[in-house]
Amino acid sequence: MKSKRHSMILKLIASENIETQEELAKLLSAHGFEVTQATVSRDIKELRLIKVQTGEGRYKYATVERAESDMQDRFISLFSNCVISISSAGNIIVIKTMAGSASVAAEAIDSMKWSEIAGSIAGDNTIFVAIKDGRSISEVIKKFQKMVQ
């Protein structure tokens, strides 16, 4: 029963903007799951649900994975809007950004968790991206260029 309820909760939060535990409990009841607020609270903890802001400035329940995906999409958008040039030097990719934008672009890079990347360092308008294997440089540069197109 618990796994079915958890499955229903995930379906509901994916399709509706649910702001409160009470709202979630009412929706579960409407789908045949009689629950208390305490049960809903435990389910939220077990499913690791968090509240995220909607486009309208309100908050709703979401999975951590969904919230991370939304955040990554925002970072990629910021990355594509602030990158000026991409070049390489040895096993380092050098990314030039608009002034003051390098840290945001570097956060986007780090959030992608590409296996080829050892790490990144950001200044004000320059990012150094260390590549684990120098043979991957051109492949990673192509990925970055695709993001800015």
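View 1. Leaving aside its neighbours within four places in sequence, Thr63 is in contact (heavy atoms within 4.5 Å) with Leu10, Ile13, Leu49 and Ile50. Thr63 counts as buried because its relative accessibility is 18%, buried meaning under 20% relative accessible area, exposed over 50% and partly exposed in between, with a 1.4 Å probe and protein chains only. The model shown in these views is predicted, so that local features need pLDDT of at least 70 and side-chain atom pairs count only at pLDDT 80 or more, while totals for chains, interfaces and linings use all residues. Residues are numbered from 1 along each chain as its sequence is written, and side-chain values use heavy atoms, with hydrogens and water left out.

**View 2. Tyr61, a residue of strand β2.** Strand β2 spans residues 59–63 and holds Tyr61, which counts as buried because its relative accessibility is 7%. Not counting residues up to four places away in sequence, Tyr61 touches Ile13, Ile18, Glu19, Thr20, Gln21, Ile44, Leu49, Ile50 and Lys51. Between the C-alpha atoms of Tyr61 and Ile141 there are 36 Å in space, and the two residues are 80 apart in sequence.

**View 3. Glu16 in the loop between α1 and α2.** Glu16 lies in this loop and counts as partly exposed because its relative accessibility is 36%. Although Glu16 and Tyr61 are 45 residues apart along the chain, their C-alpha atoms are separated by 9.1 Å.

**View 4. The crossing of helices α1 and α2.** Two packed helices are described by the angle between their axes and the distance between the axes. Here the axes of α1 (residues 2–15) and α2 (residues 21–30) come within 11 Å and cross at roughly 115°; axes are lines fitted to C-alpha atoms, for helices over the stretch in contact, and angles run from 0 to 180 degrees between N-to-C directions. The contact is made by Arg5, Met8, Ile9 and Leu12 of α1 together with Leu24, Leu27 and Leu28 of α2. By class, this contact has 6 nonpolar, no polar and 1 charged residues, where Ala, Val, Leu, Ile, Met, Phe, Trp, Tyr, Cys and Pro count as nonpolar, Asp, Glu, Lys and Arg as charged, and the others, Gly among them, as polar.

**View 5. Helix α3 and what covers its buried residues.** In helix α3, which runs over residues 37–46, the buried residues are Thr39, Val40, Ser41, Asp43 and Ile44. Their cover includes α1, α2, β1 (49–53) and β2. After α3 comes Arg48, whose phi is positive, near 55°.

**View 6. The protein chain that holds these sites.** The protein chain has 6 helices and 6 strands, and from the N terminus on its elements run α-α-α-β-β-α-β-β-α-β-β-α. Its C-alpha atoms fill a box of roughly 60 × 30 × 25 Å, taken along the principal axes. Of the 149 residues in the protein chain, 38% are buried. Among contacts between residues at least 6 apart in sequence, 50% join residues at least 24 apart.

Terms used:
Helices (H or I, at least four residues) and strands (E, at least two) are DSSP runs, numbered from the N terminus.
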